[in-house]
Amino acid sequence: MSRVRGPRRLRRLERTVLTAASATALAATASGCVVVHGERVLLPATTQADAAKALEQFTDAYNKADQAYDSSLDADYVTGALGAIDAARLKAGHTNHPDGNSAHTPLRFTDATFTIPKKAGWPRWFVADAQGNKGGDARWLLVFTRNDLTEKWQVAYLTLVAPGAVPKFAKDKDGWAEAVPANSASLAVEPGDLSQDYATYLGKGGSTFAAGPYTSAWRTQRAKDAVKPGLATQYIDQPLTEGDYAPLALRTADGGALVFFTTHHYQKQTAAQSASVPVPNKDVQALTKGEIKQSLTMEFVSNQVALDPARGAAKKAVTMIGRVQGMTSAQGG
């Protein structure tokens with residue numbers, strides 16, 4: 001990927017708009033009108049050139065960290081769900097291969113497109129949709145976010161989806177997308193509620209989510225795994241919505257939204273007195289504290305992307321189109 005100059009352009013754009021807003025505020029104050037606040041001004045999150053630069057910088061850092069199994073090399077470029085998953089993966093890799101990743105193959109992206117919302121305040125964010133050289137023909141969706149102009153762009157969400165699964169987005173005349181607030185009542189489910197609703201669905205079922213590999217099929221598989229002879233498996237599913245784990249949503253052309261959100265999961269395996277917990281692989285062992293005797297409790301962070309229909313649409317169920325999870329720790333007992 002070619003390197004593109006960009007950060008100065010965004011700074012100039014924001015200074016221009018904010019200067020105009022300040023002038024408006026002064027004029028409004030003089031005339032007795034309401035003052036305009038800079039944090040309420042609608043601004044594009046970035047430019048297309050800067051978005052391409054951010055993807056390139058993330059990819060370079062990710063590859064360096066993967067090759068060395070060193071999380072410090074990409075820590076400035078990941079956050080949220082991906083940050084937790086990536087740090088644990090690299091920690092396990094370093095424990096088992098302190099000399100680095102001999103099987104490293106650089107990740108490369110082609111055919112990248114960037115959907116950039118126009119919004120007020122922070123965080124600002126955008127979505128990259130690209131073809132990777134890993135994962136077959138799946139499309140890679142990466143959500144970049146930052147909380148200040150001085151921060152680097154960091155990837156909070158990374159999911160893979162089937163070709164054609166990404167919807168068309170609503171855009172204004174200048175090509176900017178629309179960010180949907182977490183508490184938006186215009187959708188079948190408020191984006192801020194999806195994490196809790198998904199955790200509840202995995203435990204109890206229901207009609208909130210459409211059938212599919214990340215919903216009904218996963219519930220069926222977990223039910224089978226829970227009753228294996230000599231080994232009981234329990235699940236705890238929790239929402240994860242604070243800070244950099246907050247959901248992010250883009251308005252789709254049909255009035256719905258594409259929503260990225262995070263959940264937190266625990267899986268506990270307990271062996272009968274006459275049996276033992278299956279020996280986990282080396283990566284799980286590297287992240288496990290304590291001795292595995294009769295039980296093993298594994299902790300996971302999962303990031304999902306879903307199609308949330310518009311309120312009142314004929315199709316009311318939320319459709320999950322992608323999900324990536326990673327184990328972040330474990331405890332033997």
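1. Four strands form an open sheet in the order β2-β4-β5-β6, and their pairing is antiparallel, where two strands count as paired if DSSP finds at least two bridges between them. Helices (H or I, at least four residues) and strands (E, at least two) are DSSP runs, numbered from the N terminus. Because β2 and β6 (154–161) stand at the edges with a single partner strand each, one side of each is left without a neighbour in the sheet. From one strand to the next the twist averages 25 degrees, with axes taken as lines fitted to C-alpha atoms, for helices over the stretch in contact, and angles running from 0 to 180 degrees between N-to-C directions.

2. This is a predicted model, in which local features need pLDDT of at least 70 and side-chain atom pairs count only at pLDDT 80 or more, while totals for chains, interfaces and linings use all residues. Residues are numbered from 1 along each chain as its sequence is written, and side-chain values use heavy atoms, with hydrogens and water left out.

3. Within the sheet, β5 and β6 pair in the antiparallel sense over 7 bridges, and W140 stands opposite L160 in β6. Helix α2 packs on this sheet and touches β2, β4, β5 and β6, its direction making about 135 degrees with that of β2; contact here means heavy atoms within 4.5 Å.

4. Which residues form one aromatic cluster? The members are F58, Y62, F114, F126, F144 and W153. Rings of Phe, Tyr and Trp (its six-membered ring) are paired if their centres lie within 6.5 Å, with planes under 30 degrees apart counted as stacked, over 60 as edge-to-face and the rest as tilted. By this rule the count comes to 10 aromatic pairs. The rings of F126 and F144 are stacked, because their centres are 4.9 Å apart and their planes stand at 5 degrees. F126 lies in strand β4 and F144 in strand β5, so this pair ties together parts that are 18 residues apart in sequence. F126 is buried, with a relative accessible area of 0%, and F144 is also buried, at 0%; buried means under 20% relative accessible area, exposed over 50%, and partly exposed in between (1.4 Å probe, protein chains only).

5. The rings of Y198 and F261 have centres 5.8 Å apart and planes at 85 degrees, so this pair is edge-to-face. It links distant parts of the chain, since Y198 is in helix α4 (residues 194–204) and F261 in strand β11 (residues 257–271), 63 residues apart. Both Y198 and F261 are buried.

6. The structure holds 8 salt bridges, each being a side-chain nitrogen of Lys or Arg within 4 Å of a carboxyl oxygen of Asp or Glu. In the bridge between R89 and D66, the closest N and O atoms are 2.8 Å apart. R89 lies in helix α3 (residues 80–96) and D66 in helix α2 (residues 48–68), so the pair ties together parts that are 23 residues apart in sequence. R89 is partly exposed, with a relative accessible area of 30%, whereas D66 is buried at 7%.

7. A further salt bridge joins the side chains of D129 and R139 (2.8 Å, N to O). This pair links D129 in strand β4 (residues 124–132) with R139 in strand β5 (residues 139–146), 10 residues apart, and both D129 and R139 are buried.

8. A cis peptide bond, with omega about 0 degrees, joins W122 and P123, and P123 is found in the loop between β3 (117–119) and β4. Y69, a residue other than glycine, has a positive phi near 50 degrees; it is found in the loop between α2 and α3 and counts as buried at 14% relative accessibility. D111, which is not a glycine, has a positive phi of about 50 degrees; D111 is placed in strand β2 (residues 109–115) and counts as exposed at 54% relative accessibility.

9. For the overall figures, the protein has 6 helices and 14 strands, and buried residues make up 47% of its 333 residues. Of the contacts with a separation of 6 or more, 68% are between residues 24 or more positions apart.
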